[in-house]
Amino acid sequence: MPGAKPASPPRRDWDRRALLPVVTSASPDACAAALQDGGTEFLEWVLTHDLGAIWYHRLQVAGLLERLPPATVDALRAARMLAAGAYLPQRRALEQVHQLFSSQGIAYVVMKGAHVRECVYPDPALRPASDMDILIAPQDRRRAAQVLMDHGYTAHLLPNNVSFEATFSRGLVHIDLHWSMLREGRTRVDMTPGFLARRQQTRGVWGLSDIDAVFMMLTHPAFGKYVCSPQMGLGRVADFMLWMHQKPVDWPAVRSLLAQAGLKTAAWAMLGWFRMLGPPEVAREIDDALAALRPGPLRAAYLQMWLTHDLPTRLWPRERWLQMAFTLFLHDRPADRLRVFQGVWQARRRRLRDARVLMGDDFDWQT
């Protein structure tokens with residue numbers, strides 16, 4: 001974009017410093033110093049990105065909380081307690097869903113933040129999640145919806161989303177029930193059957209396989225959060241960094257999935273953003289993956305401009321602009337981009353039918 005200026009160094013620097021608790025090479029002393037030097041503005045940045053709980057944990061384990069001003073400690077402690085208070089009912093609900101779906105023969109898999117936190121965080125309650133994302137087969141959506149509603153959940157359907165997901169709420173618990181990882185047309189093939197076939201047990205419930213979890217972290221936020229827009233949040237970057245620290249990534253298998261889906265470019269953009277914020281100890285592995293996924297030179301330069309200048313943030317919340325000028329080019333081929341338009345058109349035509357498949361033949365958007 002002519003005349004655009006790069007994102008200001010302080011903001012990018014704050015992002016990197018906010019991620020210090022998940023960087024293995026960063027000492028607890030460095031974390032304490034970052035909070036002391038940053039003052040209340042940096043503390044607010046940490047809390048805004050839902051990283052207060054992990055900061056509190058890292059400093060508490062190291063015995064460094066007493067170095068900080070009392071108001072800072074109180075704010076971090078409050079974030080820790082809030083995250084734990086939200087996690088407990090979510091975990092109970094997840095265990096109930098496991099029992100209910102299993103008894104009904106409904107195969108499911110937990111994905112995204114609610115899954116990653118069970119895999120790589122020292123305590124899952126350190127990673128806040130506003131909702132829990134659960135994937136099922138499309139043919140099971142009516143039964144799954146009925147099971148949830150029979151146990152006190154209220155359905156919330158959005159006309160533009162009903163082709164691939166619906167939200168079910170009960171008190172403070174919100175479940176996003178998916179039967180596709182993205183909107184129709186975003187992937188070349190339906191990824192759901194493979195996800196369900198490769199699922200693995202994660203602390204007593206079914207979660208994505210390690211390969212699929214990495215695939216999800218590298219693709220879903222590209223379209224759902226526009227890679228690095230204000231919607232993205234640093235928590236998802238922390239998820240990936242912790243994963244890289246603790247789990248070996250089978251990159252050939254991940255690249256194979258990306259090629260099947262037509263989303264190598266989306267993963268390249270996500271990795272590029274992670275590379276900008278990530279620590280040196282994962283840089284080489286990310287660089288190797290970036291080289292293997294890199295799109296053609298013109299598209300790479302175009303997308304790199306978006307990342308370097310943080311245009312998704314500058315254009316937010318103009319989502320239509322972002323979709324047309326940015327995320328559309330995260331698909332690997334022109335035919336993939338055409339399929340996106342076809343998918344949107346088909347989903348809009350079918351949305352009442354899709355709602356009735358989920359909720360029953362008497363469903364009406366007016367009711």
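Here, buried means under 20% relative accessible area, exposed over 50%, and partly exposed in between, using a 1.4 Å probe and protein chains only. This is a predicted model, in which local features need pLDDT of at least 70, side-chain atom pairs count only at pLDDT 80 or more, and totals for chains, interfaces and linings use all residues. Residues are numbered from 1 along each chain as its sequence is written, and side-chain values use heavy atoms, with hydrogens and water left out.

**View 1. Helix 5, a largely enclosed helix.** Helices are DSSP runs of H or I with at least four residues, strands are runs of E with at least two, and both are numbered from the N terminus. Seven of the eight residues of helix 5 are buried, so the rest of the structure largely encloses this helix. The buried ones are G113, A114, H115, V116, R117, E118 and V120.

**View 2. The largest cavity and its lining.** A cavity is a set of points on a 1 Å grid over the protein atoms alone where a 1.4 Å probe fits but cannot get out, and lining residues have an atom within 4 Å of a point. Grid points are joined across faces, edges and corners, and a volume is the space filled by probe spheres set on the points. Counting cavities of 30 Å³ or more gives one, and the largest cavity has a volume of about 40 Å³. What lines the largest cavity? Look for V110, A114, H115, E118, T202, V205, W206 and G207. Helix 5 (113–120) and strand 7 (205–207) are the elements that give two or more residues to this lining. By type, the lining holds four nonpolar residues, three polar and one charged; Ala, Val, Leu, Ile, Met, Phe, Trp, Tyr, Cys and Pro count as nonpolar, Asp, Glu, Lys and Arg as charged, and the others, Gly among them, as polar.

**View 3. The second largest pocket.** A pocket is an open set of points with protein on both sides within 12 Å along at least five of seven lines. This one has a volume of about 280 Å³. Of its 18 lining residues, S180, L182, E184, G185 and D190 lie nearest its centre. The lining splits into seven nonpolar, five polar and six charged residues.

**View 4. Helix 11 against helix 12.** The axes of helix 11 (residues 264–277) and helix 12 (residues 283–293) come within 9 Å and cross at roughly 155°. That makes helix 11 roughly antiparallel to helix 12, a label for angles over 145 degrees. Axes here are lines fitted to C-alpha atoms, for helices over the stretch in contact, and angles run from 0 to 180 degrees between N-to-C directions.

**View 5. A cis peptide bond at W316 and P317.** The bond joining W316 and P317 is cis, with omega about 10°. P317 sits in the loop between helix 14 (311–315) and helix 15 (319–325). For context, most residues other than glycine have a negative phi, and most peptide bonds are trans.

**View 6. Positive phi at R203 and D310.** R203 isn't a glycine, yet its phi is positive, about 50°. You'll find R203 in the loop between strand 6 (200–202) and strand 7. R203 is partly exposed, with a relative accessible area of 46%. D310, also not a glycine, has a positive phi near 50°. Its place is the loop between helix 13 (297–308) and helix 14. Is D310 buried or exposed? At 2% relative accessibility, D310 counts as buried.

Terms used. Angles under 35 degrees count as roughly parallel, over 145 as roughly antiparallel, 65 to 115 as roughly perpendicular and the rest as oblique.
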